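I opened my notebook to look around a protein structure, one place at a time. Here is what I looked up, in the order I wrote it down.

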Amino acid sequence: MDNNTLTTWSRIKDSDIYFSYKKSPTAIISSLILLIIFFCSFFVELITPYNPFDPSSLSLMEAFTPPSWTDDGLSKFILGTDGQGRDMLSTILYGSRISLIVGFSAIIFSLILGVGLGLTAGYFGGKYEMFVMRLTDVQLTVPSILMALLVDGIARGLISREMHDEMAIYVLIFAIGISEWPQFARVSRAATLVEKNKDYVSASTIIGVSNLVIMFKHILPNILRPILVIGTIGLALAIIAESTLSFLGVGVPPTTPSLGTLIRLGNDFLFSGEWWITFFPAIFLVILAFSINLLGDWMRDTLNPKLNK
Amino acid sequence: MSFLKIKNLSVDYQMRKETVYAAKNVNIEVNKGEILGLVGESGSGKSTVGNAIINLIDEPGKVSSGSVLLGDLNIHEDPKNIVKYRGKKVGLIFQDPQTSLNPILTIGEQLIETIQTHLELTKEEAKERSINLLNEVGIKDASSRFDNYPHQFSGGMRQRVVISLALCCEPELLIADEPTTALDVSIQSQILDLIKKLTKERNLAVILITHDMGVIAETANRVAVMKNGNVVEIGITKEILTNPKEAYTKSLVSSVPPTNKKISRFIIIEKENNDKKNNNLKILNRWTKKEIIKQDLVQVKNLSKSFDDNFFTENSKNSVMAVNKVSFEIKEGESFGLVGESGSGKSTIAKMIVNLFKPSAGSIFFDNVCITKIKQNSEMMKFRKQIQMIFQDPYSSLNGRLKVRDIVSEPIKLHNPSISNNDLNAYISDLIESVELTQKSADRYPHEFSGGQRQRISIARALATQPRLLVCDEPTSALDVSIQAQILNLLKDLQEQLNLTILFISHDLPVVRQMCDRIGVLKDGQLCEVSNTEDLFLKPKHHYTKELLHLMPKIESIYN
């Protein structure tokens with residue numbers, strides 16, 4: 001966020017960003033939800049009594065237990081169990097951890113790639129810029145899910161069968177990351193074009209500062225705001241992309257299910273009446289993505305001085 | 001009975017941390033057929049008063065007390081009154097003609113729309129009226145230009161169109177908010193003449209809001225001086241300018257660079273004891289003493305620069321010659337001025353000298369070495385160190401994400417990587433002292449400073465490499481006059497003590513006269529004339545120089 005505001009707590013409290021945060025119930029609620037989700041997902045071992053990935057905890061006897069508030073529900077399985085007797089709530093939290101890890105890693109990967117290419121393209125210009133921007137144009141014509149499927153397909157061909165389950169998560173991160181970078185490249189190029197014509201960049205050039213230092217010390221901190229905004233919204237997209245791929249069966253394997261995998265597994269039981277197996281992961285995914293998007297929207301409104309007036 | 005009466009007007013802006021009083025108990029009266037100049041520095045509330053008259057105050061601002069009477073109608077009493085009077089009885093002229101016209105409508109459509117909003121006329125009648133108006137404001141061939149779009153007009157012509165829009169419903173009051181600030185001097189005088197003429201012919205009451213004392217001196221009958229939302233002094237222009245009573249008015253008048261003589265320093269009244277000439281700068285100890293040899297430090301030979309707006313064909317016919325075969329030289333230790341209107345190529349020359357642009361043809365010699373042909377980076381660094389630049393816009397010339405300390409230390413560390421931390425801190429504090437900022441400034445961020453203070457930080461950064469040549473590209477045009485006077489004094493002092501060579505670029509002739517030993521006049525990328533400052537002002541040779549000198553608004557004109 002704002003470098004100035006991060007130096008001390010009092011600076012943060014005094015900043016306009018904190019002020020607008022305090023005034024926006026949407027931002028407060030969505031960030032609270034996200035905090036809870038992040039906390040529960042990353043410290044899931046501490047808060048759930050079950051480990052759904054531990055085969056010894058499976059009990060087929062308790063499979064298909066409906067949520068606790070229904071007639072057949074058991075109080076120890078709040079959201080019921082799935083087809084193998086795993087507690088839904090624990091499974092969802094374990095799954096959301098995988099979804100979040102994949103989403104964050106993918107977005108960081110595509111941020112580095114996109115901002116790096118966009119920043120250098122905007123700064124150097126010329127044929128290099130042409131090349132990078134046409135590359136983004138070409139990639140934007142291919143739907144990102146198709147792109148990710150393509151990467152996954154190639155990876156399956158290259159990686160041996162035994163290795164595949166192990167490598168699946170990295171392939172997924174790469175596939176999603178590679179399909180999302182063009183928008184970051186575009187935004188950072190546009191912002192760089194604005195910044196590089198400002199006098200402080202000229203001043204640094206005249207002093208004799210090298211291009212690399214100008215780009216990363218001077219320009220990059222000044223273009224972070226728009227990148228942060230689309231990065232946040234991109235995070236939601238990446239999480240959804242992960243779920244989509246896992247739903248299609250090309251994502252993480254069922255042994256370590258993510259939210260998408262859970263939805264797919266539950267989908268099979270939807271018409272036989274066991275609705276909770278697919279419903280709860282799905283609703284969890286919606287809440288997660290929605291909260292991130294709301295937070296991103298608030299950030300865009302706050303960090304964009306043009307909308308502030 | 002005066003036509004416009006502003007009584008005890010106060011405008012507040014309720015901000016998050018405090019309430020800003022943009023106008024406090026302002027009392028102003030304007031008669032018909034008179035131009036009232038509203039003058040003040042930025043933030044003095046002059047535009048707020050103008051906007052309050054037509055109730056254009058933006059949220060969170062509000063008129064907290066007072067009234068505006070137009071004839072005998074109280075404007076703020078009933079919101080409906082404003083709608084009736086805005087545009088019809090009150091005409092507005094804004095600062096920037098580039099943005100005050102809608103670019104996707106022809107000027108004819110805009111005129112007809114405005115006329116039909118307020119008067120019940122048919123389209124044909126409205127058209128006829130518009131053409132007459134365009135003729136009146138001096139647009140040639142009005143009937144054929146009626147269907148042109150705003151971009152087909154030049155800046156001055158556009159401002160004429162804006163004036164015709166303001167006049168189209170026969171207003172009785174005209175509010176002109178900095179109507180000529182965005183325009184060149186030659187066009188400025190035409191627009192001011194037009195406003196004067198219309199005031200007389202149509203018996204208008206005019207409020208002319210401006211920061212330029214020269215404009216006031218030449219146009220306004222009466223003047224109101226504003227400071228921090230208060231009207232400090234109001235009266236006949238001549239009396240206020242020749243015999244100001246209030247200290248603030250005095251300092252404002254004394255800060256204006258005189259056009260008819262060269263003074264050694266500006267007298268600064270408001271700032272106590274802070275503006276003593278600093279005779280023993282600590283940075284002098286670090287400065288490698290240079291003997292004053294009056295030889296050429298910079299030689300510019302047949303310098304040309306063309307910009308291609310066509311990507312695919314280089315050297316196409318579309319190229320614009322921004323600079324065309326310009327030659328001059330700057331002696332060590334002197335101040336050389338480059339004067340010209342916008343688009344004359346003065347900034348392009350500056351950027352070529354500091355090596356931001358490569359020239360298309362010609363060469364620049366610095367200390368008898370041709371710096372335009374240097375390919376090696378290490379070789380270039382030697383010259384980077386010796387040539388530094390100060391920019392026009394103090395808001396964009398400092399990186400907002402770095403502390404002042406980091407901004408100033410960057411050039412020092414770059415050119416002297418082995419400097420110890422103690423030495424670096426001592427140097428930074430010397431530099432900060434030399435530009436008359438407090439030592440605490442070093443640990444603040446640029447946004448905590450005003451425009452003038454930011455310009456001082458810029459100067460400190462430029463001095464950090466101990467340059468021999470300082471290129472100043474309009475260093476004070478974004479600043480208020482009193483701040484301008486301080487910065488110009490500072491530059492003069494620094495030059496004297498550090499034996500700096502200065503290339504001073506400006507559109508403002510009075511400023512150049514105060515700062516420079518020799519001056520070159522640029523027009524359309526070509527150098528018209530180079531001569532000593534006093535010769536240029538007293539005996540201009542080139543007809544363009546004569547025209548410029550004739551047209552510049554002169555505060556002294558009030559004495560005649």
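**Entry 1: a start with strands.** I noted at the outset that this is a predicted model. I began with strand β1 of chain B, residues 4-14. On one side I found strand β2(B), residues 19-30, running antiparallel to β1(B) and joined to it by eight bridges. To see one pair, I looked up Leu4(B), and its bridge partner in β2(B) is Val30(B). The link from β1(B) to β2(B) is a hairpin of four residues.

I then asked myself which other strand is joined to β1(B). I found strand β4(B), residues 61-70, which also runs antiparallel to β1(B), with eight bridges between them.

**Entry 2: a parallel pair.** Next I turned to β16(B), which pairs with β17(B) in the parallel sense over four bridges. Ile390(B) stands opposite Cys472(B) of β17(B). I checked where the side chains of β16(B) go: Ile387(B) and Met389(B) point one way, while Gln388(B) and Ile390(B) point the other way. Are these four buried or exposed? I found all of them buried.

**Entry 3: helix α15(B).** I tested the length of this helix, residues 451-463 of chain B. Eleven of the 13 residues are buried, so I wrote "mostly covered". Among the buried ones are Arg454(B), Ile457(B) and Leu463(B). I also looked up what they pack against: α10 of chain A is there, together with β16, α13, α14, β17 and α16 of chain B.

**Entry 4: helix α6(B).** I repeated the length test on residues 155-167 of chain B. The 13 residues should span 18 Å, and the ends are 18 Å apart, which agrees. Ten of the 13 are buried, so α6(B) is largely enclosed by the rest of the structure. Met157(B), Val161(B) and Leu165(B) are among the buried residues. Their packing partners are β6, α3, α4, β7 and α7 of chain B.

**Entry 5: one residue in chain A.** I picked Leu117(A), which sits in helix α6 of chain A, residues 88-124. Why does Leu117(A) count as buried? Because it has 24 C-beta neighbours inside 10 Å, and 20 or more are needed. Leaving aside neighbours within four places in sequence, Leu117(A) is in contact with Val132(A) and Ala185(A). I also took one distance: the C-alpha atoms of Leu117(A) and Ser210(A) are separated by 18 Å, and the two are 93 residues apart along the chain.

**Entry 6: the core.** I reminded myself that in soluble globular proteins nonpolar side chains tend to be buried together. The largest nonpolar core here has 217 residues. Leu36(B), Val206(B), Ile353(B), Val471(B) and Leu503(B) have the most contacts inside it. I followed Leu503(B), and not counting residues up to four places away in sequence, it touches several residues, including Phe336(B), Ile353(B) and Val471(B).

**Entry 7: where the chains touch.** How many residues of chain B are in contact with chain A? I found 20, and they meet 16 residues of chain A. On the chain B side, α12, β16 and α13 each give two or more residues. The largest share, three residues, comes from α13(B). By class, this side has nine nonpolar, five polar and six charged residues.

Key
Residues are numbered from 1 along each chain as its sequence is written. Chains are lettered from A and ligands numbered from 1 in the order in which they are written. This is a predicted model: local features need pLDDT of at least 70, side-chain atom pairs count only at pLDDT 80 or more; totals for chains, interfaces and linings use all residues. Two strands pair if DSSP finds at least two bridges between them. Two residues are in contact if their C-beta atoms, placed from the backbone, lie within 7 Å. Ala, Val, Leu, Ile, Met, Phe, Trp, Tyr, Cys and Pro count as nonpolar, Asp, Glu, Lys and Arg as charged, and the others, Gly among them, as polar. A nonpolar core is a set of buried Ala, Val, Leu, Ile, Met, Phe, Trp, Tyr and Cys residues joined through C-beta atoms within 7 Å. A residue is buried if 20 or more other C-beta atoms lie within 10 Å of its own, exposed if 12 or fewer, and partly exposed in between; C-beta atoms are placed from the backbone. The expected span of a helix is 1.5 Å times one less than its number of residues.
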